[in-house]
Amino acid sequence: MLLALCATGIVVGALLAEVIVPRINDALSRRRARRKKAPLVGYDPGRERRAEQRARQLLRSCVNEEEWAMYRDLGFVRVWGRGDGYAYLIYPHKPIVAFVPQTRELLNEYCVEFPDMSRPYGSARLPDSDDVLAKWMALTGDEHGLVRRANLHQPGRQVDPKAVRRDLWRLSAWEKTRGGSVSAP
Amino acid sequence: MKPGHGEVLVAEGDVDVPEEERELIEAFRRQLDEGLWAAVPKTTNNGRREASMVKSFDEIPRDADRVIFFPRAAGGAR
């Protein structure tokens with residue numbers, strides 16, 4: 001009886017092994033493959049931080065003292081439009097917002113990106129301060145060209161109008177503490 | 001400017017030295033061929049800071065201390 005049970009157990013074990021072992025091998029192979037596919041250069045917070053520090057220095061060296069202080073203190077830069085009576089707020093990795101400084105009326109959102117076309121599958125985006133500087137250079141160097149390329153939307157499409165109005169209020173308060181005004185230069 | 005890296009020095013030299021100027025011109029063309037835009041930060045007569053977009057080496061002021069290359073703008077999220 002015992003011998004029969006042992007023989008049956010061995011047979012069942014052998015049959016199970018036939019089924020289970022290939023599955024285990026497959027699972028191990030998939031796991032090894034996943035590990036091989038893992039990117040060699042992963043997210044490196046140190047590298048990102050250093051890139052942002054370099055970008056901040058570059059931005060600071062390009063814009064004027066007030067614009068730099070505005071970005072440092074408030075997190076955005078105001079750029080005056082070429083025409084009369086309007087200006088833009090430049091946020092990192094958010095649409096550019098056009099507004100009327102005197103009334104704080106929001107005019108439009110200009111959605112624009114600076115993608116790296118040299119890589120076939122896209123790439124990491126510019127550091128925050130580089131994105132602000134790219135917008136600043138494109139706006140001050142070729143305002144109409146940038147506006148033409150951007151996707152135009154009504155305020156509120158991507159940027160919360162309440163948040164923008166709060167930022168305009170913060171900007172006004174910030175300028176008062178610096179002894180400035182909201183009028184164009 | 002390079003996504004994921006920030007500022008990268010492409011080339012440097014003195015435009016008054018012919019050999020170095022040639023190298024700067026080649027580096028400039030290479031960047032534009034790769035699809036980048038070029039801008040020169042400057043101070044205007046009224047003291048305002050702004051950038052000049054340049055499309056050829058000749059457009060760069062001789063006294064410019066740098067040219068910044070950055071990816072071309074494209075319409076963002078629809």
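Visitor: What covers the buried residues of α2(A)?
Guide: The cover includes α3 (65-74) and α4 of chain A, together with β1 (36-43) and β2 (49-54) of chain B. Helices (H or I, at least four residues) and strands (E, at least two) are DSSP runs, numbered from the N terminus. This is a predicted model: local features need pLDDT of at least 70, side-chain atom pairs count only at pLDDT 80 or more, and totals for chains, interfaces and linings use all residues. Residues are numbered from 1 along each chain as its sequence is written, while chains are lettered from A and ligands numbered from 1 in the order in which they are written.

Visitor: Which residues of α2(A) are buried?
Guide: A:A51, A:A55, A:R56, A:L58, A:L59 and A:C62. Buried means 20 or more other C-beta atoms within 10 Å of the residue's own; exposed means 12 or fewer, and partly exposed lies in between, with C-beta atoms placed from the backbone.

Visitor: Why do they sit on the same side of α2(A)?
Guide: Because they cover an arc of only 165° around the axis. The arc is that of the directions from the helix axis to the C-beta atoms. The face turned away from the buried side carries exposed A:G46 and A:R49.

Visitor: How many residues does α2(A) have, and how far does it reach?
Guide: It has 18 residues and reaches 26 Å from first C-alpha to last, close to the 26 Å expected. The expected span is 1.5 Å times one less than the number of residues.

Visitor: Which strands do the bridges join?
Guide: Two bridges join β4(A) to β4 (residues 74-75) of chain B, running antiparallel. Strands pair if DSSP finds at least two bridges between them. A:E113 stands opposite B:A74.

Visitor: And the largest nonpolar core: which residues touch the most other members?
Guide: A:L89, A:I90 and A:M137, out of 49 residues. α4(A) gives the most to this core, with seven residues. Such a core is a set of buried Ala, Val, Leu, Ile, Met, Phe, Trp, Tyr and Cys residues joined through C-beta atoms within 7 Å.

Visitor: What is A:I90 in contact with?
Guide: Leaving aside neighbours within four places in sequence, A:I90 contacts A:F76, A:V77, A:V79, A:I96, A:V132, A:K135 and A:W136.

Technical notes. Contact = placed C-beta atoms within 7 Å.
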